[in-house]
Amino acid sequence: MKKYKLIDHTADIGCEIFGKTKKELFANSVVALLELMLGRRSSSETKEKEAFETKSINVEGIDLEDLFINFLREVLYLFNGEGWVVVDCHPLQVTNKHIIAQLTGEPYISTKHQVKIEIKAVTYHGLSVKKTKTGWVGRVIYDI
Amino acid sequence: MISEIKMERLDENRLLIPKSGGMKVPGIIYANENIQHLLKSDESARQVVNVAQLPGIVNYSLAMPDVHWGYGFPIGGVAAFDLSTGVVSPGGVGYDINCGCRLMATKLTLFDVKDKIQDLTLALYNHIPTGVGSTGHVKLAGKDQKKVLLEGANWAIVNGFGSPEDLETTEDGGVMAGADPEKVSARALERGKQQLGTLGAGNHFLEVEFVQEIFDEKVAAAFGLQKDQIVVMIHTGSRGLGYQICDDYLAAMVKHAHETGIALPDRQLACAYLNSPRGRDYLAAMACGANYAWANRQVLMHLTREVFEKTLHLTPRQLGMRLVYDVCHNIAKIEEFNIKGVNKKLCVHRKGATRAFPAGHESVPVRYRGVGQPVLIPGNMGTGSYVMVGQPRAMEETFGSACHGAGRVMSRTQAVKSSRGRSISREMADRGVVVMAGSKGTLGEEMPEAYKKLEDVVQVMHESGIAKKVAKLTALACIKG
């Protein structure tokens, strides 16, 4: 299953994210966000796995869609506000209003991480999180 | 899609969306036939309709001719709200609070710089921090940061980045009243610490231009512009601090709407009543973002001045760099307008729209009051920009507002796709524009074909009597993130 695909939007950039389960949807949304901003990490970087740090985050929302946005906001803030690049995400517990996830990441280093685009924010516009026959699909538009 | 939305042509330059469904007022889009045709491929007309449904909206939900699909409000959207029954919407201001333009004039002419433009561009690119996560020369400690949020451009002047006369020609004197740093989150403050004096990425830029054509000699003279003069246009805003303020308040207002049962056509339109504590808190935080942006553009002007003096070996007097004007185009402001014969204070949201006050208005700087407020319209890379002047019609029809740029027609992904295999910077060089950008992707996204024709957009404003053409500026060099 494809993790995500980009969708066209005139001024900004949209993304459709897929997952067999809700947990996988949330994990893949992190992959999509990071790949959009920083591109694919080279294999030489992933060899340094032992240098990574872990963090757990606890996010709430008024419903599943709001939770999805708040979760992505948190991951985006880790990069924009704390200069921390998430490499891997393991959702431990996901309900419609609450997620606990364990994140693996590393500090942003300009020579190591090539920034492709600046994502200013995760917007509510055109947002949806839906269950389909094969799993879950989330749609989100980033302000860039 | 636009086909669902009924529109009637009012005249050559305006479309009316009659009131229907949940709309509290009709919509008006400033568009000639060329622009109307482009509207068909996006959702911006739907967004004009959505904004028309918000509580306390006055007269019309408006869109300027550079309208395009945004999130929540359309980009190019203008809406005014009654102070007692209306709302303020962080999404109606945008993430980049007080994103705006600053135009600086010099005593130099095209002849003086034409052989030195490469050196000048390189020096500007090396000296002015650009790009994602770029940090500035100014590091703000807690106390100073609060001063920036309270004092805006004046903080920069006091700290040696410019002269007091720069404030005279900055919208609102470079400071918005009512700012309260206590209403700004720790996260937003953190993001703002290292970004003062940085240009940022995306569509933000610094452009060296020359005055190619003068349309109105009298007004151009009042603005101190003449043919072949070298000028500099800066386009940037409040950086991460502003984005975080918007995001924080948007999240809180979505939660609030849910708890109080307010139905929203789009969650991105989340809002709070202007007379509620939440609404007032947002305005106080937004003013901090606006002040940060004014200080940012002031510091950038100073850095630009230094680069010009050093690279061209000029004294400050020889260079004579002075501020023509600084306008914001993402903001909500309390301003007074005549509504059905009564003067009323309203909260005007301009999301990708420029204030365009006419001659005689007390908010126009004294030195321009006889002609009107300068309206700065940057175009896309390579086509240069326009300087316009606000007209009385703007006060009657658009809450004193005009367009803010060309407006995108092509999505960024389409633009990157269609620029693949081309060297945009070489194409720009062939047109006589030196471009330096942090990433090739940015150049592709921002290539000229990705935008509407600036001439169409400007012409609609000119013919509607909202803002009048004063001068056309043509790009010589551009630096981007």
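In this predicted model, 27 residues of chain A are in contact with 34 residues of chain B. Two residues are in contact if their C-beta atoms, placed from the backbone, lie within 7 Å.

**The side of chain A that touches chain B**
- Strand E1 (4-8), helix H3 (64-80), strand E6 (121-131) and strand E7 (136-143) each supply at least two residues of this side.
- Helices (H or I, at least four residues) and strands (E, at least two) are DSSP runs, numbered from the N terminus.
- By class, this side has 12 nonpolar, seven polar and eight charged residues.
- Ala, Val, Leu, Ile, Met, Phe, Trp, Tyr, Cys and Pro count as nonpolar; Asp, Glu, Lys and Arg count as charged; the others, Gly among them, count as polar.

**The fold of chain A**
- Chain A has three helices and seven strands.
- Their pattern along the sequence is β-β-α-α-β-α-β-β-β-β.
- Among contacts between residues at least 6 apart in sequence, 60% join residues at least 24 apart.

**The dimensions of chain A**
- The C-alpha trace spans about 40 × 35 × 30 Å along its principal axes.

**Confidence**
- The model scores ipTM 0.89 and pTM 0.94.

**Reading the model**
- Residues are numbered from 1 along each chain as its sequence is written, while chains are lettered from A and ligands numbered from 1 in the order in which they are written.
- Local features need pLDDT of at least 70, side-chain atom pairs count only at pLDDT 80 or more, and totals for chains, interfaces and linings use all residues.
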